[in-house]
Amino acid sequence: MKLSVIVITKNEAAHIGDCLDSVAFADEIVVLDSGSTDATCEIARARGARVEVSPDWPGFGPQKNRVLDLATGDWVLSIDADERVTPELAGAIQQAIQAPDAEGYRMARLSNFCGRWIRHSGWWPDYVVRLFRRDAGRFTDAAVHEHVQIRGRTGTLSGHFLHYPYASLEVFIDKINRYSTEAARSAFERGRRTTVLGPFGHGAWTFIRHYVLRRGFLDGWQGLVLAGMAGTGSFYRYVKLYWLGRRARRPDIIR
């Protein structure tokens, strides 16, 4: 069985080399870049990847379906540039595609934040479906928070990804801003609306859920920051949703 690894990138020079080194066991690596201005593409090609460049950015789900369409393997492993496959997970992947008992597989993801491996706060085990038969899986068209939909049974693999999502707090804050904008726009297009008090309620509840119910307090000061960031992201998302609703109702006043 042939395994294709697929990755979407933009300005991931700091990550892409280690990412692709961790999946060197694959038969094919396909990278779809969306206009990097750093050495991402050159690093990927040096690792033996096939690199294509897309002319636009349609959102995470559609972009991942684009790179999926470029893959030729019987099985596909989708990985982000800031993730690494551990040796244990690599062995589980190879075993699964040689003797499959499902059409897709989920695996855990262990994330690092400010030097600490986060094992609470809703970040662990953070199962994600990433390995699937090419003809049995497809990403949702969501602009953010996309996921793979499997036609058939989904199994679970041993081992886990290592995830390095944020190089700094500035990167984290920028991502919250970008993701909240896309999430608000997507929700608005689906007919969602909120009141002026909605952002406060959602933000507070998100903080409590992450810090208390998901035991973020056990992750030290990093857990407190993560809960605060999660609450802030929720607040931003609903503020932007409220703003879109107000602008739709009063286009003559709000621009």
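**Note on a predicted single-chain model**

1. At 59% relative accessibility, H145 counts as exposed, because the cut-off for that class is over 50%. The residue sits in the loop between β9 (137-139) and β10 (148-150). Its backbone also deserves attention: phi of H145 is near 55°, a positive value in a residue that is not glycine.

2. Is S121 buried or exposed? With a relative accessible area of 1%, S121 is buried, since buried means under 20%. S121 is placed in the loop between β7 and β8.

3. The loop between β7 (116-118) and β8 (128-133) also holds P125. What kind of peptide bond joins W124 and P125? The bond is cis, and its omega is about 10°.

4. T9 belongs to strand β1, which covers residues 3-9. The relative accessible area of T9 is 5%, so T9 is buried. Which residues does T9 touch, leaving aside those up to four places away in sequence? They are I16, V31, L32, D33, S34, S36, T40 and A81.

5. Turning to the whole chain, the secondary structure consists of seven helices and 11 strands. Among contacts with a separation of 6 or more, 73% are between residues 24 or more positions apart.

6. The overall dimensions can be checked against a simple expectation. For 255 residues, a compact globule would have a radius of gyration near 18 Å, and the chain, at 19 Å, agrees with this. Along the principal axes, the C-alpha atoms fill a box of roughly 55 × 45 × 40 Å.

7. Of the 255 residues in the chain, 47% are buried.

8. How many positive and negative side chains does the chain have? There are 34 positive and 28 negative ones. The centres of these two sets lie 9 Å apart.

Key
Residues numbered from 1 in each chain as written. Predicted model: local features only at pLDDT ≥ 70, side-chain atom pairs only at ≥ 80, totals over all residues. Heavy atoms only, no water. Helix = DSSP H or I, 4+ residues; strand = E, 2+ residues; numbered from the N terminus. Rg over C-alpha atoms; globule rule 2.2 N^0.38 Å. Buried < 20%, exposed > 50% of the residue type's maximum accessible area, 1.4 Å probe, protein only. Contact = heavy atoms within 4.5 Å. Lys, Arg positive; Asp, Glu negative; His and termini not counted. Charge placed at Lys NZ, Arg CZ, Asp CG, Glu CD.
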